[in-house]
Amino acid sequence: MTQPQFPFDDQTWIISDTHFFHENIGRYCDRPDGWQETIIENWNRLIQPAEIVFHVGDLALGKKENIEDLAPLLNGKLYLMRGNHDRRSNDFYQGLGITLVPDPYRMDHPSGWTLIFSHRPIVPLEPRVLNLQGHLHNSPAPELCARHVNLCVEVRDYRPWRLSEILTPYAIR
């Protein structure tokens with residue numbers, strides 16, 4: 001079965017595990033005061049309305065109305081890979097203009113590397129594969145290797161990053 005294709009490239013903005021409206025995540029992950037506002041400010045400062053944003057899971061929790069109010073505040077065309085906390089129906093997200101992406105999502109990069117996006121890390125990895133994942137927040141996992149790329153906001157300055165910026169340390173262009 002062929003996976004759907006999405007308009008992702010090196011200019012796509014990537015972010016994971018924002019957990020908007022999750023009351024306890026600040027304490028669990030030692031997030032700074034005002035973390036929700038910081039993420040939204042960084043998001044909208046960096047992303048233009050027509051740009052593509054790929055969120056790799058755990059966008060928001062809590063009341064449906066809060067998520068409905070949040071979606072129009074965020075710049076960009078939002079693509080979401082549902083994480084373990086994204087529990088609303090497909091119709092709910094799509095009704096907010098959010099395009100859903102399957103987990104995992106494989107992208108053949110022009111560099112010859114294969115990028116596999118997933119909410120949770122994938123182990124083991126084939127050669128020349130990078131796993132761009134969320135879920136771990138700021139908790140290191142000893143079973144992962146250097147080709148596992150943590151996209152969670154806690155280790156990414158509470159902001160989205162262009163895919164090209166994320167790949168730079170791996171000398172992938």
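Predicted model: local features only at pLDDT ≥ 70, side-chain atom pairs only at ≥ 80, totals over all residues.
Trainee: How many salt bridges does a search of the whole structure find?

Mentor: Side chains of opposite charge can pair when their charged atoms come close. The criterion for a salt bridge is a side-chain nitrogen of Lys or Arg within 4 Å of a carboxyl oxygen of Asp or Glu. The search of the whole structure finds 4 salt bridges. One of them joins the side chains of Arg31 and Glu154, at 2.7 Å from N to O. This pair links distant parts of the chain, 123 residues apart: Arg31 lies in the loop between helix H1 (25-28) and helix H2 (35-46), and Glu154 in the loop between strand E8 (148-150) and strand E9 (161-162). Here helices (H or I, at least four residues) and strands (E, at least two) are DSSP runs, numbered from the N terminus.

Trainee: Are Arg31 and Glu154 buried or exposed?

Mentor: Buried means under 20% relative accessible area, exposed over 50%, and partly exposed in between (1.4 Å probe, protein chains only). Both Arg31 and Glu154 are buried.

Trainee: Which residue meets the side chain of Glu51 in a salt bridge?

Mentor: The partner of Glu51 is Arg162, at 2.7 Å from N to O. Glu51 sits in the loop between H2 and strand E2 (52-55), while Arg162 belongs to strand E9, 111 residues apart. Arg162 has 18% relative accessibility and therefore counts as buried.

Trainee: Why does Glu165 count as partly exposed?

Mentor: Glu165 counts as partly exposed because its relative accessibility is 33%. Glu165 forms a salt bridge with Arg159, the closest N and O atoms being 4.0 Å apart. Arg159 is buried, with a relative accessible area of 16%.

Trainee: What is the strand order in the open sheet of 4 strands?

Mentor: Strands of a sheet pair through backbone hydrogen bonds, either parallel or antiparallel. Two strands count as paired if DSSP finds at least two bridges between them. The order is E5-E6-E7-E8, with mixed pairing. Strand E5 (105-108) and E8 stand at the edges, each with a single partner strand, so one side of each has no neighbour in the sheet. E5 and strand E6 (residues 114-118) are antiparallel over 4 bridges, and within this pairing Tyr105 is the bridge partner of Phe117 and Met107 that of Leu115. E6 and strand E7 (residues 129-133) run parallel and are joined by 5 bridges, with Thr114 partnered by Val129.

Trainee: Which way do the residues of E6 point?

Mentor: Thr114, Ile116 and Ser118 point one way from E6, Leu115 and Phe117 the other way, and all are buried.

Trainee: What is the order of the open sheet of 5 strands?

Mentor: The order is E4-E3-E2-E1-E9, and the pairing is mixed. Strand E4 (99-101) and E9 are the edge strands, each pairing on one side only. Strand E1 (residues 13-15) runs parallel to E2 over 3 bridges, and Trp13 has Val53 as its bridge partner in E2.

Terms used:
Residues numbered from 1 in each chain as written. Heavy atoms only, no water.
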